[in-house]
Amino acid sequence: TPDEISSKNNTRSLFPPFVLTSAQKPAGPGPQTNEYADAQLQEIVKKLRERANVYKEKLNDPVISSPEASPPTYEKKEEKKEEAEAKPEEDHYCDMLCCKFKKPPLKKYMEYMKLPDTIDSYTDRRYVAWLMLVTIAYNWNCWFIPLRYVFPYQTPSNTIYWFVIDVICDLCYLCDLIVFQPRVRFIKGGDIIVKTEKFYRSSVKFRLDVISVFPFDILYFFFGFNPALRANRMLKHNTFFEFNDRLEAIMEKAYIYRVIRTTGYLLFILHINACLYYWASDYEGIGSTRWVYDGEGNMYLRCYYWAVRSLITIGGLAEPQTLFEIIFQLLNYFMGVFVFSSLIGQMRDVIGAATAGQNYFRSCVDNTVSYMNTYSIPKLVQNRVRTWYEYTWDSQGMLDESELLEQMPTKMHLAVAIDVNFAIVNKVDLFKGCDTQMIYDMLLRLKSIVYLPGDFVCKKGEIGREMYIIKQGEVQVLGGPDGTKVLVTLRAGAVFGEISLLAAGGGNRRTANVVAHGFANLFILDKKTLNEILVNYPDSEKLLMKKAKVLLKQKGKPPPGPPVQQPRGLASLFGQKQETPKLFKAMLGGKGREGLAKLLQLKKQQETQETKAETETKPKEEEKKPVEPAAPSAPPAKKEKPQADAKPAVMQRTTSKESLIISMTPSPRAGEGEILKVEIKEKEKK
């Protein structure tokens with residue numbers, strides 16, 4: 001139809017055919033190209049080349065992931081429906097006089113306060129808080145039962161107050177016996193017992209807890225309010241010592257609590273001694289002798305003062321008069337020497353354990369300084385060594401972290417290393433995609449080293465066999481002509497030197513100096529350690545080698561220059577013309593055979609200088625032997641013949657195929673390409 005014919009003509013006019021002819025020349029002006037079609041063709045060719053390169057690498061190494069994009073993830077519709085259906089919780093408000101404030105619902109309180117079926121006594125902080133409450137009740141009974149029994153502080157007017165506090169303490173004991181202790185987990189034969197009620201009832205602790213809450217207070221109706229009937233409350237000592245252990249386990253500086261606890265033991269013993277002294281004074285009669293309490297002043301403070309002077313054996317006390325007083329004083333002295341020496345020794349152990357690390361640090365510093373003084377180390381070096389010791393101790397509280405971690409089992413050591421170092425190592429592109437267990441093994445081998453300000457981490461030109469990960473501080477990469485220009489500053493979390501781990505030939509050379517800017521704490525992983533790890537992970541080793549080659553190629557590329565103009569038309573389908581070899585340029589020069597003509601000219605000048613030197617030595621020989629006129633050229637020819645073997649004669653000016661031989665031979669070393677060989681031969685004279 002006419003419409004189809006016109007449409008065909010329009011398409012032909014939009015996309016003119018490309019005709020390549022060698023014999024015919026186009027008539028009129030040059031051929032016109034469609035810029036849009038040209039750009040599309042270039043884009044298609046570029047994409048095809050990139051895709052071909054990717055698939056070529058995929059065939060060479062199947063470890064590399066597929067170039068196809070991963071399918072997009074979609075959220076489940078069910079989750080969206082649940083979120084949409086979730087109704088907002090109602091707000092709860094509390095009206096109080098003239099103000100109105102928002103409060104959480106009671107349901108949340110109940111969920112938070114609800115006790116679990118079993119309690120882990122090592123990790124549950126709520127259980128530790130409950131033990132503290134029971135310990136307060138236990139200390140109330142231990143301190144005030146002897147006080148109320150001996151001193152006349154409990155009177156009929158205030159008995160009701162003592163009774164109320166006693167009931168509160170008994171309720172704490174009862175709740176601990178019924179609610180908390182049956183839920184605490186037990187460890188028996190290495191197994192964690194979840195159903196703990198049966199095992200708790202069969203333990204000695206359960207029997208002591210039952211005795212401690214036994215209601216001997218009923219005897220108040222027969223003997224009156226005698227505090228001695230509550231002496232069984234002091235049998236709940238297991239809870240007191242358990243609280244001490246759990247509290248020390250969660251405290252950062254447990255030695256502080258140990259010092260306070262030891263001081264409390266001393267004060268409690270003095271308290272018991274004061275109560276015994278008042279009881280003895282009451283037995284003998286208040287003010288009956290000079291040794292007993294005279295009844296003046298505050299009775300408790302006076303008795304406590306006597307107990308301190310007697311138990312610590314200060315002296316200066318009144319001499320006992322009766323036999324009872326002498327025996328009491330002797331027992332008091334004996335008990336004071338034993339108890340006081342024990343408490344002093346315990347206090348020394350507590351303080352010594354708290355400062356053991358500091359003492360070890362000072363011992364190491366003193367030994368190092370003594371060693372440097374023995375060998376006359378310069379003061380500058382000694383000051384740097386002292387600075388390193390001080391900073392290392394202040395920053396991490398120990399000189400070598402590995403000594404502490406080596407005491408732990410391997411699994412715990414790995415767990416600590418993962419929490420501390422995994423986030424840093426995971427940032428290294430070189431290890432992305434490797435086996436996770438291989439990275440875990442590598443975390444156990446990292447070494448922490450502290451560099452002082454100005455220390456060289458690595459120097460330009462040295463063989464690199466380590467990878468560095470910055471844990472804390474900064475380092476500067478120096479370069480430039482004089483090596484003092486700061487190229488880049490690397491901070492915490494940065495990684496450098498990772499290519500050295502997998503480089504062939506023992507490691508690649510450093511291309512710049514890296515200096516610590518301030519105090520820098522670095523993790524180091526050497527090549528030998530990594531090779532020992534990769535023996536068990538061949539797939540990860542293959543992937544690391546592939547990535548190392550890619551990174552080496554990227555680092556070896558020249559810096560980007562000005563953009564190269566892309567050829568237009570069909571010329572883009574063919575690759576760019578390769579550059580002429582440098583040896584050809586040097587030989588041929590910039591214009592044709594100019595370089596070859598220079599070589600021939602230099603050769604000619606050399607030969608002329610040699611002929612002049614020969615002509616200067618000939619006159620002396622001609623004076624002794626005259627030359628024959630018939631054949632003047634014959635004798636010189638014979639004399640020059642043996643010299644031709646050592647030095648070539650004058651070369652002809654003309655250059656032919658026989659006088660110039662150019663050949664290309666493969667290099668004996670792999671990776672150096674081919675060798676260009678040029679030979680110049682002279683033609684023999686006829």
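**View 1. Gln472 sits in strand 7 (residues 466-479).** Helices (H or I, at least four residues) and strands (E, at least two) are DSSP runs, numbered from the N terminus. This is a predicted model: local features need pLDDT of at least 70, side-chain atom pairs count only at pLDDT 80 or more, and totals for chains, interfaces and linings use all residues. Residues are numbered from 1 along each chain as its sequence is written, and side-chain values use heavy atoms, with hydrogens and water left out. Gln472 is partly exposed, at 41% relative accessible area. Here buried means under 20% relative accessible area, exposed over 50%, and partly exposed in between (1.4 Å probe, protein chains only). Leaving aside neighbours within four places in sequence, Gln472 is in contact with Tyr391, Ala492, Phe519, Ala520 and Asn521. Contact means heavy atoms within 4.5 Å. Gln472 and Asn521 are 49 residues apart along the chain, yet their C-alpha atoms are separated by 5.0 Å.

**View 2. Helix 18 (residues 436-443) crosses helix 19 (residues 527-534) at roughly 145 degrees.** The two axes come within 10 Å. Axes are lines fitted to C-alpha atoms, for helices over the stretch in contact, and angles run from 0 to 180 degrees between N-to-C directions. The crossing of helix 18 with helix 19 is right-handed. A crossing is right-handed if the near helix is turned clockwise from the far one by less than a right angle, and left-handed if anticlockwise. Helix 18 contributes Met438, Asp441 and Met442 to the contact, and helix 19 contributes Leu530, Ile533 and Leu534. By class, the contact has five nonpolar, no polar and one charged residues. Ala, Val, Leu, Ile, Met, Phe, Trp, Tyr, Cys and Pro count as nonpolar, Asp, Glu, Lys and Arg as charged, and the others, Gly among them, as polar.

**View 3. Phe163 and Phe225 form an edge-to-face aromatic pair.** The whole structure holds 31 aromatic pairs. Rings of Phe, Tyr and Trp (its six-membered ring) pair if their centres lie within 6.5 Å; planes under 30 degrees apart count as stacked, over 60 as edge-to-face and the rest as tilted. For Phe163 and Phe225, the values are 6.2 Å centre to centre and 80 degrees between the planes. Phe163 lies in helix 6 (residues 159-180) and Phe225 in the loop between helix 9 (220-223) and helix 10 (237-250), so the pair ties together parts that are 62 residues apart in sequence. Phe163 is partly exposed at 37%. Phe225 is also partly exposed, at 48%.

**View 4. Tyr277 and Trp306 form a stacked aromatic pair.** Their ring centres are 3.9 Å apart, with 15 degrees between the planes. Tyr277 belongs to helix 11 (residues 254-284) and Trp306 to helix 12 (residues 299-311), 29 residues apart. Tyr277 is buried, with a relative accessible area of 4%. Trp306 is buried too, at 7%. Both rings are part of one aromatic cluster with Trp279, Tyr283, Trp291, Phe324 and Phe328.

**View 5. Ser310 is a buried residue of helix 12.** Its relative accessibility is 0%. The C-alpha atoms of Ser310 and Gln329 are separated by 8.2 Å, and the two residues are 19 apart along the chain.

**View 6. Met372 lies in helix 14, and Ser376 in the loop between helix 14 (356-374) and helix 15 (379-396).** Met372 is buried, with a relative accessible area of 5%. Beyond residues up to four places away in sequence, Met372 touches Ile377, Gln382 and Val385. Met372 and Val385 are 13 residues apart in sequence and 9.7 Å apart, C-alpha to C-alpha. Ser376 is exposed, at 63%. Most residues other than glycine have a negative phi. Ser376 has a positive phi of about 55 degrees although it is not a glycine.

**View 7. Two charged ends sit over aromatic rings, those of Arg246 and Lys459.** The charged end of Arg246 is 4.4 Å from the ring centre of Tyr122. Lys459 lies over the face of Phe456, at 5.1 Å from the ring centre. A charge sits over a ring if NZ of Lys or CZ of Arg is within 6 Å of the ring centre and within 35 degrees of the ring normal.
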